[in-house]
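I want to look around the ligand, then pick a spot in the protein and follow it.

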Amino acid sequence: MRIGIIGAGQLGQMLGFAARDLGHECLFLDPSENPPARVVGPVIQAPFDDPVALAVLAEKSDVVTYEFENVPVEALGEIAGIAPIYPPPAALGQAQDRLSEKRLFETTGIPLPAYRQIDSLSDLEAAAAEIGLPLVLKTRRFGYDGKGQFVVRTASDIELAFNELGGRKLIAEEWVPFDYEVSAIGVRNVDGIIATYCLTRNEHAGGILRVSRAPVDDVALTERSVGYMHSLLEHLDYVGVLALELFVVGKGLLANEFAPRVHNSGHWTIEGARTSQFSNHVLAVTNQSPGPTETLGYAGMINLIGEISEAATSPPCGVFHDYGKTPRPGRKLGHITVVADSARECDTLLAKLEECVTESR
Ligand SMILES: Nc1ncnc2c1ncn2[C@@H]1O[C@H](COP(=O)(O)OP(=O)(O)O)[C@@H](O)[C@H]1O
Ligand SMILES: [Mg+2]
């Protein structure tokens, strides 16, 4: 089949490699000059909302999917009659707005932090009084890697935060004193067959994912996350890979956000699981059965952010992935994955990698 992929960044590149291995061709749409996925298939160079380019992509493809979250849902609606689009654009629409995302968690019975819709300074003052401080003010749309967020720690921050982010639609969220962060990754195909991966533990720095480790050896948390994943995938009549970010607080989980696409915290599945998230996304959107998601040991993944040191290109352990991007502070340029027989050994390997990884933010 030919798979049309909107977005030709590193996620598109890795989807493309997986699709090629499964015998498919890929065609991409991306506005950038030299996007990472160019190495795996032709790229239509056009804006994500260009109706003509989107129509060409759909006409030339058997199925259309996306790796980029800010594709206008209306633009997707225009091409829905030409080729099937997976994941369903309605799911994308819900993920694009933090308010509808939170309402979705409520509808599907997934616990989440307290939040309020914020449209004015007085809304924020009321939220601070009701939820308490600290709280996080976030733009409802277009946030990524911690951008569009302001932590309101004291009453004097309230006006500051509103001046910084106001003018856009906002939400305020309880500050969660989490023990750690995890993500759950699941996949559902056109026929409704679901597979889920183990929980992945994620560490962020400055809002950007830095290190992931899998599996999280906690049966109760894992079972709970699998239940949440099934609720979401079924409620959305979802097709493809979905990632759910959660906070671990004591023995409970609170949903933070979800991504209707393959996810950075699932990169370890390329070497560390029997079927990668990328292969499973391709299998799902082409309506094949998902492949087995068991881990092949204890996996660790470290992102290469802003720059790639000489040493990181031939690391002492693990597999180096180079996205072929121009270095820029804060940009994800590649990653390295290690797989070990125990969690402790995985940590030792990650510590070795830390010695050769440099970053610029
Ligand atoms: N309510 C919160 N309480 C504590 N930490 C938070 C909260 N919201 C976000 N964070 C921290 O900021 C990171 C980025 O926020 P997130 O909502 O996931 O936005 P993004 O879309 O930028 O990933 C989270 O992974 C977490 O570390
Ligand atoms: Mg996030």
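My notes below cover the ligand site and then one phenylalanine.

**Entry: the model.** I keep in mind that this is a predicted model.

**Entry: around the ligand.** I looked up what sits around ligand 1 and got 19 residues. The closest are Lys138, Gly146, Glu181, Asn256 and Glu257. Sorting the shell by type, I get 8 charged residues, 6 nonpolar and 5 polar. I also checked which strands supply at least two shell residues each: S6 (135-139), S8 (170-174), S13 (240-249) and S14 (252-259).

**Entry: polar atoms.** I went through some of the pairs with the ligand. At Gly146, a polar backbone atom is 2.5 Å from an oxygen atom of ligand 1. Glu173 puts a polar side-chain atom 2.8 Å from a nitrogen atom of ligand 1. For Glu245, a polar side-chain atom is 3.1 Å from an oxygen atom of ligand 1. How much of ligand 1 does the protein bury? Ligand 1 taken alone exposes 540 Å², and the protein buries 91% of that.

**Entry: Phe105.** Next I moved to helix H5 (residues 98-107), where Phe105 has its place. Is Phe105 buried or exposed? Phe105 counts as buried, because its relative accessibility is 0%. Leaving out residues up to four places away in sequence, I find Phe105 touching Ile110, Leu112, Leu232, Leu244, Ala255, Asn256, Glu257 and Phe258. I checked Ala255 from that list: Phe105 and Ala255 are 150 residues apart in sequence, with 7.4 Å from C-alpha to C-alpha.

Notes:
Residues numbered from 1 in each chain as written. Chains lettered and ligands numbered in written order. Predicted model: local features only at pLDDT ≥ 70, side-chain atom pairs only at ≥ 80, totals over all residues. Heavy atoms only, no water. Near = heavy atom within 4 Å. Polar contact = N/O pair within 3.5 Å; in protein donor to acceptor, adjacent residues only side chain to side chain. Areas by Shrake-Rupley, 256 points an atom, 1.4 Å probe, with all protein chains shown as cover. Helix = DSSP H or I, 4+ residues; strand = E, 2+ residues; numbered from the N terminus. Nonpolar A, V, L, I, M, F, W, Y, C, P; charged D, E, K, R; others polar. Buried < 20%, exposed > 50% of the residue type's maximum accessible area, 1.4 Å probe, protein only. Contact = heavy atoms within 4.5 Å.
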